[in-house]
Amino acid sequence: MAEPAAQPADPTDPTDPTDPAGPTGGAGAAQAARAARARLAWHCRRGTRELDLLLQRWLAQRYEDCDAARREHFAALLEMPDPLLAAYLLAGERPAQPELAELVEAIRTLAAATRTMSPTAPPPAPQPAARSEQL
């Protein structure tokens, strides 16, 4: 009996046994890391612009500096439904899991710091001049 044809290798699979560098080293590992980050960037695209901005900014500015556990927590956060993410990130609710609560606070803190330090932030709206009553 003939053996089934081998499935083509998944270029985004970090455990791909056909990768000559193996799952932990060389160009294969760099490619796997890029693919994983691209998947995360795609998952940062949510149903609202506000969530998109918060999640994409944190991915771009903080993700690389995180340890493996925090990266896993970020991936878990991205698996949550949009209403729950909005409650945590926009409405100020706190996740029950301490690790997720710390991550949510880090994302909120980055957003607040970026808003206050951004050179492209719009200036405050001008206040209407008080009209003097003339008779």
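Colleague: Which residues of H3 do Leu55, Trp58 and Leu59 in H2 meet?
Modeller: Leu55, Trp58 and Leu59 in H2 meet Arg70, Phe74 and Leu78 in H3; contact means heavy atoms within 4.5 Å. Helices are DSSP runs (H or I, at least four residues), numbered from the N terminus. This is a predicted model, in which local features need pLDDT of at least 70 and side-chain atom pairs count only at pLDDT 80 or more, while totals for chains, interfaces and linings use all residues. Residues are numbered from 1 along each chain as its sequence is written, and side-chain values use heavy atoms, leaving out hydrogens and water.

Colleague: At what angle do H2 and H3 pack?
Modeller: Angles run from 0 to 180 degrees between N-to-C directions, with axes fitted to C-alpha atoms over the stretch in contact. H2 and helix H3 (residues 68-78) pack at about 160°, and their axes are 12 Å apart. H2 is therefore roughly antiparallel to H3 (over 145 degrees; 65 to 115 is roughly perpendicular). The contact of H2 with H3 has five nonpolar residues, no polar ones and one charged. Asp, Glu, Lys and Arg count as charged, Ala, Val, Leu, Ile, Met, Phe, Trp, Tyr, Cys and Pro as nonpolar, and the others as polar.

Colleague: How do the axes of H2 and H4 cross?
Modeller: The axes of H2 and helix H4 (residues 82-89) come within 11 Å and cross at roughly 70°, so H2 and H4 are roughly perpendicular to each other. H2 brings Leu51, Leu54 and Leu55 to this contact, and H4 brings Asp82, Leu85, Ala86 and Leu89. By class, the contact of H2 with H4 has six nonpolar, no polar and one charged residues.

Colleague: Which residues line the second largest pocket?
Modeller: Rolling a probe the size of a water molecule over the atoms shows where empty space is left. A pocket is an open set of points on a 1 Å grid where a 1.4 Å probe fits, with protein on both sides within 12 Å along at least five of seven lines; lining residues have an atom within 4 Å of a point. Here the lining is Glu50, Leu53, Leu54, Arg57, Leu90, Ala111 and Arg115. Helix H2 (49-61) and helix H5 (98-117) each give two or more residues, with H2 giving the most, four.

Terms used. Parallel < 35°, antiparallel > 145°, perpendicular 65-115°, else oblique.
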